[in-house]
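Q: Please take a close look at one residue and what surrounds it. Then set that part against the rest of the chain, in plain terms.

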Amino acid sequence: MITVGIVGCGYWGPNLIRNFRSISEVMVKRVCDLDEQRLAHMKQLYPEIETTTEFEHLIDDEEIGAIAIATPVWTHFELAQKSLAAGKHTFIEKPMASDVDQCTKLIEMAEEKKLTLMVGHTFIYSTPVRKIKEIVDNGDIGEVLCINSQRLNLGLFQKDINVAWDLAPHDISIILYVMGEAPVSVNCQGKAYMLPDVEDVTNMTLNFNNGGFASIQSSWLDPNKVRRMTFVGSKRMILYDDNEPLEKIKIYDKRVETPPHYDTFAEFHYSYHYGDMYCPHLRQIEPLRVQCKHFLDCIHSRSEPQSSGLDGLEVIQILEAASKSLAIDGAKVEIEQPHWKEGQMFLHKLTSKTVAMR
Ligand SMILES: NC(=O)c1ccc[n+]([C@@H]2O[C@H](COP(=O)([O-])OP(=O)(O)OC[C@H]3O[C@@H](n4cnc5c(N)ncnc54)[C@H](O)[C@@H]3O)[C@@H](O)[C@H]2O)c1
């Protein structure tokens, strides 16, 4: 049994409360928010849960062994630092923190204190994304040539982060998980239409060592909610539409083969291959529940989460590079060999994790 405290009861926090509560080995003892109205609403939903506006009431409570943070990004570092300093296992919603240095400090603290640090990369716990990884790892679609991702909707506008920091962590974490490797450079262009200096539309490109690339379109200015990713393989292609209620993944046996010899353009057309399409059956499980359960399993088994602090840091490194690229009108920004790789106490973890991923 583990006693959990949750900070942040706005749009997303209540989903964490509901999912942690649904796990039999968890007791959600107390939730915290600065907004009394949100706390009153939580009390109405869950009368047994204590509420507080003081984060200290979570960290000073010795019964609470783990804290989940679902507040705005700029608060993540301070709250997570306090949580880890108080000896609590800590779960942080995506994106992990405001910059790479903050992520590094949190990883070091968790390592020093032997605490579980996990980041809310929810989609890697979803059945469609896990199925896509299985298909790609099996070589069923051949070599992944490129990935195209669109995450668009009307709002919800944020004041402290642009749309890339808000929505692209999902796409980036899915891409890193499926590809098992990080990009070497990033390009990003965008525009701020509604709030000065807060881009509400961005187009990001991640460039990989093998020549592959992924493009990520993020928008708060679209009439429709779009959640589509295409994985273009040398043999087949996967279309993942998270808005589809059942058939979220479609695998198309389509490809283009360059014929060894062709004299006319008409002959070149014959090299298109049109085959069948199939939809694998996917179990319907709420990814957030899988993620919350995984956090507890990692605490108990002292194992590294699948979305660890290092994974959170990798996403922030890409977002930082994207912000730099935005400032220079989309020019390419190399992802430096991270300085935190050298001589850090968590190096051994990184090495074993990297090996496991490859
Ligand atoms: N994993 C996902 O799919 C997913 C989806 C949406 C949001 N999120 C993430 O969840 C986090 C919260 O997003 P949201 O949309 O719920 O934001 P929100 O603004 O709706 O809610 C944040 C809440 O935190 C409270 N708060 C702010 N500072 C606080 C502090 N110092 N102490 C206590 N409470 C504080 C606010 O009063 C507010 O109620 C963000 O990191 C966001 O990126 C994740």
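**L84 and its surroundings**

A: Leaving aside residues up to four places away in sequence, L84 touches T90, L106, M109, A110, K113 and L115. The model is a predicted one. L84 itself is part of helix α4, which runs over residues 73-85. Its relative accessibility is 0%, and buried means under 20%, so L84 counts as buried.

Buried residues account for 53% of the 358 residues in the protein.

Helix α1 covers residues 13-21, and seven of its nine residues are buried, which leaves the helix mostly covered. Those buried residues are G13, P14, N15, L16, I17, N19 and F20. The cover over them includes strands and helices from several stretches of the chain: β1 (2-7), β2 (26-32), α2 (36-45), β4 (66-69), β5 (89-93) and α9 (287-301).

Strand pairing can be followed through β13, residues 249-256. On one side of the list is β12 (residues 237-241), which pairs with β13 in the antiparallel sense over four bridges. Within that pairing, Y240 has I249 of β13 as its bridge partner. β13 also pairs with β14 (residues 272-278), again in the antiparallel sense, over five bridges. Here K254 stands opposite Y274 in β14. As a general point, side chains in a regular strand alternate between the two faces of the sheet.

Now the whole protein. Its secondary structure amounts to eleven helices and 15 strands. The radius of gyration is 22 Å, close to the 21 Å that the globule rule gives for 358 residues, so the protein is as compact as a globular protein of that length. Along the principal axes, the C-alpha atoms fill a box of roughly 75 × 45 × 40 Å. The accessible surface is about 17300 Å², and carbon and sulfur atoms hold 52% of that surface. As for charge, there are 37 positive and 50 negative side chains, with the centres of the two sets 4 Å apart.

Terms used: Residues are numbered from 1 along each chain as its sequence is written. This is a predicted model: local features need pLDDT of at least 70, side-chain atom pairs count only at pLDDT 80 or more; totals for chains, interfaces and linings use all residues. Side-chain values use heavy atoms; hydrogens and water are left out. Helices (H or I, at least four residues) and strands (E, at least two) are DSSP runs, numbered from the N terminus. The radius of gyration is taken over C-alpha atoms; the globule rule is 2.2 Å times the number of residues to the power 0.38. Buried means under 20% relative accessible area, exposed over 50%, partly exposed in between (1.4 Å probe, protein chains only). Accessible areas come from the Shrake-Rupley method with a 1.4 Å probe; for residues, only the protein chains shown count as cover. Lys and Arg count as positive and Asp and Glu as negative; His and the chain ends are not counted. The place of a charge is taken as NZ of Lys, CZ of Arg, CG of Asp or CD of Glu. Two strands pair if DSSP finds at least two bridges between them. Contact means heavy atoms within 4.5 Å.
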